[in-house]
Amino acid sequence: MRAWYLVFSKPRQEQKALVNLQRQGYESYLPLMHNRRKRYGRYAHLIEPMFPRYLFIHLSDRTDNWGPIRSTTGVTSMVRFGDRAGRVPDDLVTILKLREGDKGYFEPQTRQLRKGDSVRICEGPMSGYEGIFHCHSGKQRVTLLLEITGRVTKVQIAPDHIELVSRSHP
């Protein structure tokens with residue numbers, strides 16, 4: 001009977017491990033997700049493993065040869081709990097695969113901002129300013145209320161340049 005198990009990879013070599021396992025004929029899966037991280041003072045959009053250093057492999061404990069797995073380039077070892085390999089529920093892998101987008105990775109669920117939410121500008125020349133979310137101004141812009149020089153001013157900005165600080169009360 002085939003089941004999903006966990007493979008532990010070398011640091012930042014999940015993709016290399018996946019490719020090499022697949023070349024050897026093993027059915028493997030590495031769930032990826034879109035992340036936004038601050039690097040060198042700017043935000044970068046990255047596609048990264050959902051579970052760093054872990055990937056899934058579909059094996060039979062009766063017919064598959066498990067020996068070559070640990071010597072595969074990029075792989076450190078099979079995950080074990082005592083003397084047993086770390087088995088993963090089949091439903092988990094199925095659910096992960098179903099929730100992937102068209103591009104083959106998970107897009108983060110962005111929370112819908114509501115009028116009155118406190119937000120912080122996290123990118124651009126106004127980085128660090130805090131304001132109040134006012135409304136969506138089309139697909140590519142949102143309008144914020146910022147207090148500048150003692151007056152409240154409406155400012156339009158890209159929605160991915162802001163982050164939620166706190167929710168307004170309904």
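This is a predicted model: local features need pLDDT of at least 70, side-chain atom pairs count only at pLDDT 80 or more; totals for chains, interfaces and linings use all residues.
Is glutamate 27 buried, exposed or partly exposed? I looked it up: glutamate 27 is partly exposed, with a relative accessible area of 36%.

**Entry 1: the partner of glutamate 27**

I checked what the side chain of glutamate 27 meets, and found a salt bridge with arginine 2, at 4.0 Å from N to O. The two are 25 residues apart, with arginine 2 in strand S1 and glutamate 27 in strand S2 (residues 27-29), and the pair links distant parts of the chain. Arginine 2 counts as partly exposed at 36% relative accessibility.

**Entry 2: arginine 120**

Next I asked which glutamates form salt bridges with arginine 120. One is glutamate 130, where the closest N and O atoms are 3.1 Å apart. Arginine 120 lies in strand S10 and glutamate 130 in strand S11 (residues 130-136), so this pair ties together parts that are 10 residues apart in sequence. Another is glutamate 163, with the closest N and O atoms 2.9 Å apart. That pair links distant parts of the chain, since glutamate 163 is in strand S14, 43 residues from arginine 120 in strand S10. I also noted the networks: salt bridges that share partners join Arg2, Glu27 and Asp64 into one.

How exposed are these residues? Arginine 120 is partly exposed at 28% relative accessibility. Glutamate 130 is partly exposed too, at 42%, and glutamate 163 is partly exposed at 28%. For the whole model I wrote down five salt bridges.

**Entry 3: the sheet around S10**

I then looked at the sheet that holds strand S10. It is an open sheet of five strands, in the order S13-S12-S11-S10-S14, with antiparallel pairing. From one strand to the next, the twist averages 45°.

Zooming in, I found four bridges joining S10 (residues 118-121) to S14, the two running antiparallel. Isoleucine 121 stands opposite isoleucine 162 in S14.

**Entry 4: the cores**

Which residues have the most contacts inside the largest nonpolar core? They are Ile57 and Ile69, in a core of 17 residues. Strand S1 (2-9), helix H1 (14-23), strand S5 (54-60) and strand S6 (75-78) are the elements that give two or more residues to this core. Not counting residues up to four places away in sequence, isoleucine 69 touches Val7, Leu21, Tyr26, Ile57, Leu59, Val75 and Met78. A second, separate core has 10 residues, including Leu113, Val119, Leu144 and Ile157.

Tyrosine 5 lies in strand S1. Its relative accessible area is 7%, and buried means under 20%, so tyrosine 5 is buried. Leaving aside neighbours within four places in sequence, its contacts include Leu55, Phe56, Trp66 and Val88. Tyrosine 5 and glycine 74 are 69 residues apart in sequence and 16 Å apart in space, C-alpha to C-alpha.

Last, I turned to glutamate 48, in strand S4 (residues 42-49). Is glutamate 48 buried or exposed? Glutamate 48 counts as buried, at 17% relative accessibility. Leaving aside neighbours within four places in sequence, glutamate 48 is in contact with Pro31, Leu32, Met33, Asn35 and Arg37.

Terms used: Residues are numbered from 1 along each chain as its sequence is written. Side-chain values use heavy atoms; hydrogens and water are left out. Two strands pair if DSSP finds at least two bridges between them. Axes are lines fitted to C-alpha atoms, for helices over the stretch in contact, and angles run from 0 to 180 degrees between N-to-C directions. Buried means under 20% relative accessible area, exposed over 50%, partly exposed in between (1.4 Å probe, protein chains only). Contact means heavy atoms within 4.5 Å. A nonpolar core is a set of buried Ala, Val, Leu, Ile, Met, Phe, Trp, Tyr and Cys residues joined through side-chain atoms within 4.5 Å.
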